[in-house]
Amino acid sequence: MERCEALVLGLGAMGAATVYQLAKAGVKVVGIDRHHPPHTFGSSHGDTRITRLSVGEGAQYVPSVGRAQRLWRELEALSGESLFEQSGLLVLTSSPDFDPHDQTDFTLRTIGLAQTYGIDHEVLDATQIRQRFPQFRHVLDSAIGYFEPGGGFVRPERCIDVQLRLAEQHGATLYKGETVTGISSDEQGVTVITDQRTLRADKLVIGAGNWAGGLLGEPFEGLLKVYRQRLFWFELEPETDLVGASPTFILTHGRGDDKINYGFPALAGEGSMKIATAQYHTAADPDTLERTVSVAEEQDMYQQQVHGRIAGVSAKVIKSAVCAYTVTPDRHFIIDTHPALQHTLVVSACSGHGFKHSAALGEAFAQWCMRGSSDLDLSSFSLKRFEGK
Ligand SMILES: Cc1cc2nc3c(=O)[nH]c(=O)nc-3n(C[C@H](O)[C@H](O)[C@H](O)COP(=O)(O)OP(=O)(O)OC[C@H]3O[C@@H](n4cnc5c(N)ncnc54)[C@H](O)[C@@H]3O)c2cc1C
């Protein structure tokens with residue numbers, strides 16, 4: 001039986017950050033993944049992920065994203081790779097239903113948090129949005145915008161790759177293409193069985209993403225649902241002036257999840273803009289997920305989300321991808337010790353908004369392995385909130 005001080009199950013966004021931080025701190029750590037990360041079967045592919053300091057999902061996320069942004073810069077310095085692009089971030093609402101007093105509106109929530117936490121930002125009216133951001137020249141007169149100059153996007157595959165490479169340089173052992181099939185624990189530690197070996201660890205961090213429910217059973221199986229998502233890269237119109245002038249964005253254009261879309265800057269040399277929306281109505285199984293985007297889905301996306309809302313992009317999709325969220329009932333993370341397994345931390349930090357925090361969360365999980373607590377306060381992500389529900 002192989003022995004280690006810490007074992008990290010899953011080497012996606014959360015696991016890669018954790019294994020890197022543990023190895024850097026000198027902990028004897030093993031990481032295991034059923035695929036070969038970075039890969040295209042989980043939640044962490046598709047070139048780009050939004051990062052913003054004013055996290056409209058809630059104040060509990062503000063400390064971790066700030067720490068993560070500093071860590072991406074450290075990782076860039078260590079690796080020479082470009083990971084975090086401060087393209088500027090525009091959150092805007094241009095909706096016929098817009099109510100300036102509606103504190104559930106994502107743009108208003110984002111503005112409120114930025115004001116509370118002193119995050120550098122500007123509030124824009126419709127005229128300013130149209131002047132500064134030509135892709136949104138069609139916004140309604142009632143539109144409101146939040147611009148965060150320090151926001152932008154990170155490169156998920158590169159972030160994972162860099163952290164795994166650095167972890168190995170610091171002495172981590174990584175087993176890729178190996179599936180964990182069983183976990184048990186006792187007073188002294190945890191035993192993990194894979195399809196190739198048995199390992200014994202003092203501490204276990206589980207970041208199994210889409211597969212967490214199936215692997216861990218209850219209560220996780222009942223709490224975590226997997227939702228297939230589609231990513232679209234729309235070809236730019238020939239005469240467009242968007243390259244170098246488009247921010248990362250989140251656009252609300254009505255009420256409900258299907259009236260929000262988001263996208264990334266048109267980058268020089270790419271000829272496209274990545275735009276997506278999220279769906280939470282049809283759950284899926286990660287092992288049988290349809291991984292191809294159909295032509296009908298491309299056309300529907302253009303008609304519902306792009307046409308008349310985002311100028312400068314054509315209806316032609318030059319690239320698409322399928323990726324999946326793992327979603328909790330309240331769409332906030334679950335980060336807690338396992339209720340039955342000792343020495344085990346379970347991390348489901350997705351629900352579609354986890355990547356921006358991953359570098360900092362990995363640091364916190366490494367601290368948990370080493371001293372049983374973390375600098376970041378993770379108490380709001382505990383399982384307790386679902387008890388009795
Ligand atoms: C389409 C899409 C868009 C998103 N946009 C944003 C965004 O703009 N900003 C943002 O902050 N976040 C965003 N997110 C969320 C973010 O990407 C996720 O929070 C993050 O990727 C989750 O990382 P993870 O480590 O939990 O999962 P993953 O990265 O999927 O890693 C889980 C790993 O566990 C491995 N594994 C599972 N079971 C086993 C097993 N039994 N044995 C061994 N290995 C196993 C898998 O192979 C996988 O590599 C988005 C997510 C999606 C899908």
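## Charges over aromatic rings

A charge sits over a ring if NZ of Lys or CZ of Arg is within 6 Å of the ring centre and within 35 degrees of the ring normal. The charged end of Lys203 meets this description at Trp368, 5.2 Å from the centre of the ring. Arg331 lies over the face of Tyr280, with 3.5 Å to the ring centre.

The model is predicted: local features need pLDDT of at least 70, side-chain atom pairs count only at pLDDT 80 or more, and totals for chains, interfaces and linings use all residues. Residues are numbered from 1 along each chain as its sequence is written, and side-chain values use heavy atoms, with hydrogens and water left out.

## Aromatic pairs

The structure holds twelve aromatic pairs. Rings of Phe, Tyr and Trp (its six-membered ring) pair if their centres lie within 6.5 Å; planes under 30 degrees apart count as stacked, over 60 as edge-to-face and the rest as tilted. Phe136 and Phe249 form an edge-to-face pair, at 5.0 Å centre to centre and 75 degrees between the planes. Phe136 lies in the loop between helix H4 (126-132) and strand S7 (144-148) and Phe249 in strand S14 (residues 248-252), so this pair ties together parts that are 113 residues apart in sequence. Helices (H or I, at least four residues) and strands (E, at least two) are DSSP runs, numbered from the N terminus. Phe136 is buried at a relative accessible area of 0%, and Phe249 is buried at 0% relative accessibility; buried means under 20% relative accessible area, exposed over 50% and partly exposed in between (1.4 Å probe, protein chains only).

The rings of Phe234 and Tyr302 have centres 6.0 Å apart and planes at 50 degrees, so this pair is tilted. Here too distant parts of the chain are linked, with Phe234 in strand S13 (residues 225-236) and Tyr302 in helix H8 (residues 295-306), 68 residues apart. Both Phe234 and Tyr302 are buried. Elsewhere, ring pairs link Tyr61, Phe333 and Phe381 into a cluster.

## Nonpolar cores

A nonpolar core is a set of buried Ala, Val, Leu, Ile, Met, Phe, Trp, Tyr and Cys residues joined through side-chain atoms within 4.5 Å. The largest one has 48 residues, and those with the most contacts inside it are Val19, Trp72, Ile335, Leu361 and Phe365. Elements that each supply at least two residues of this core include strand S1 (2-9), helix H1 (13-24) and helix H9 (358-371). The largest share, eight residues, comes from H9. Apart from this core lies another of 30 residues, among them Leu92, Leu242, Phe249 and Met301.

Helix H9 also holds Glu363, which counts as buried at 16% relative accessibility. Leaving aside neighbours within four places in sequence, Glu363 is in contact (heavy atoms within 4.5 Å) with Gln21, Arg67 and Leu71.

## Cavity and pocket

On a 1 Å grid over the protein atoms alone, a cavity is a set of points where a 1.4 Å probe fits but cannot get out, and a pocket is an open set with protein on both sides within 12 Å along at least five of seven lines; lining residues have an atom within 4 Å of a point. Grid points are joined across faces, edges and corners, and a volume is the space filled by probe spheres set on the points. A search of the whole structure finds one cavity of 30 Å³ or more. The largest cavity has a volume of about 90 Å³, and its lining includes Asp47, Arg155, Trp233 and Glu270. Strand S16 (residues 272-277) gives the most to this lining, with three residues.

The second largest pocket holds about 290 Å³ of space. Of its 17 lining residues, Arg230, Thr277, Ala278, Gln279 and His281 lie nearest its centre. H8 gives the most to the lining of this pocket, with five residues.
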